[in-house]
Amino acid sequence: MTVCAGLGHAGFSGDNGPATAALLNGPGGLTFDTVGDLYFSDGANFRIRKIDAQGTITTVAGTGTPSFGGDGGPALLAELRGGPLAWDSFGNLFLLDIVNNVLRVLDRTPPSIVFGAPVPAANEHGWNNTPVSIPFTASDPGSSIASVSPMSPLLLTAEGSAVSGTVVATDRAGNQAHSTSPTVKIDMHGPVFSGLPAAGHQLWPPDGRMVHVAKVAASDPLSGLAPESFVVSATSSEPDGSQQISIVADGFGKVDIWLAAQRVATGPGRTYTLMATASDKAGNTSTAQTTCVVPQHLENAVTA
């Protein structure tokens, strides 16, 4: 048999040092936690103390004043008289505070945060094009919840392929839980186009030749383009203009546009209207429009 704590006479001392050099006063109510630390009621010192696996003793509850107080606050500021101890399945330490005629709990367990399904649900590509809210519940079986930030639901507004948020819940004992939500994909901006000519681009002279006016591309930096959604079209203001338009995919994701530098003999000249549309995998759609002009007269015309 050996002494694991105490010097053999009554008193109070030794916290944060070896338990064998500490003074105790009427210890009892021994109980071990799941990692092998020993808790006991230091009865006439009106405290609950702990001896860890390394033999260091500390006070975990009680001020040393034989009274009753401090519920809902830090255990070290509570006033108690002491008694038997027991653990529950959640890791909370219960004290039968006999002289005070109450059963008290020392809550060491952080709250539990459980997330629900994101709203709205992602589309078939796994993306959202609006902010996403994630409902959650925060609970604490020991001292109950004191505060939660933010309140449910958690609203995610950032864009990216792995957007998440953090919920912080604090119980009445001061235990805090930080929990990160499931990640979602959010893209709220449509594709962008490159290669379209500036509006009013002029073709001259009107000799009927086919002129390459654009190599158009569409891209989406976040969710990417939806399959087969990138479409380029062109129309003419003159009846026979459709025969003078050539739109050809180059095989590398871009589209070449050729237009005839031609217009009818009468009228204000020919205007080609070019249109590009594309959608991304998040469901955003972008449209761009511009014009190319074959002037009727040489004045103010710019050679293409």
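User: In β5, which residue is the bridge partner of Pro18?
Analyst: Thr56 is the bridge partner of Pro18 there. β1 and strand β5 (residues 56-61) pair in the antiparallel sense over two bridges. Strands here are DSSP runs (E, at least two residues; helices are H or I, at least four), numbered from the N terminus, and two strands pair if DSSP finds at least two bridges between them.

User: Before we go on, what is this model and how are residues numbered?
Analyst: This is a predicted model, where local features need pLDDT of at least 70 and side-chain atom pairs count only at pLDDT 80 or more, while totals for chains, interfaces and linings use all residues. Residues are numbered from 1 along each chain as its sequence is written, and side-chain values use heavy atoms, with hydrogens and water left out.

User: OK. What is the strand order in the open sheet of five strands?
Analyst: The order is β1-β5-β4-β3-β2, with antiparallel pairing.

User: And which are the edge strands?
Analyst: β1 (17-18) and β2 (27-32), each of which pairs on one side only.

User: Switching to aromatics. How many aromatic pairs does a search of the whole structure find?
Analyst: Three. Rings of Phe, Tyr and Trp (its six-membered ring) pair if their centres lie within 6.5 Å; planes under 30 degrees apart count as stacked, over 60 as edge-to-face and the rest as tilted. One of the pairs is Tyr39 with Trp87, which is edge-to-face because the ring centres are 4.9 Å apart and the planes stand at 90°.

User: Where in the chain do Tyr39 and Trp87 sit?
Analyst: In distant parts: Tyr39 is in strand β3 (residues 38-42) and Trp87 in strand β6 (residues 85-87), 48 residues apart.

User: Is Tyr39 buried or exposed?
Analyst: Tyr39 counts as buried, at 2% relative accessibility. Trp87, at 22%, counts as partly exposed. The cut-offs are under 20% relative accessible area for buried and over 50% for exposed, with partly exposed in between (1.4 Å probe, protein chains only).

User: What lies over the face of Phe12?
Analyst: Arg47, at 3.6 Å from the ring centre. A charge sits over a ring if NZ of Lys or CZ of Arg is within 6 Å of the ring centre and within 35 degrees of the ring normal.

User: Salt bridges next. How many does the structure hold?
Analyst: Eight, each being a side-chain nitrogen of Lys or Arg within 4 Å of a carboxyl oxygen of Asp or Glu. Among them is Asp71 with Arg104, where the closest N and O atoms are 2.8 Å apart. That pair links distant parts of the chain: Asp71 is in the loop between β5 and β6, Arg104 in strand β8 (residues 102-106), 33 residues apart.

User: What is the accessibility of Arg104?
Analyst: Arg104 has 10% relative accessibility and counts as buried, whereas Asp71 is exposed at 54%.

User: Which residue forms a salt bridge with Asp207?
Analyst: Arg209, with the closest N and O atoms 3.2 Å apart. Asp207 is partly exposed, with a relative accessible area of 47%. Elsewhere, salt bridges that share partners join Asp15, Asp42 and Arg49 into one network.

User: Last one. Which side chain makes a polar contact with that of Asp256?
Analyst: The side chain of His212, at 2.7 Å. A polar contact is a pair of N or O atoms within 3.5 Å; within protein, one must be able to donate a hydrogen and the other to accept it, and residues adjacent in sequence count only if both atoms are side-chain atoms. Asp256 lies in strand β23 (residues 255-260) and counts as buried, at 13% relative accessibility.
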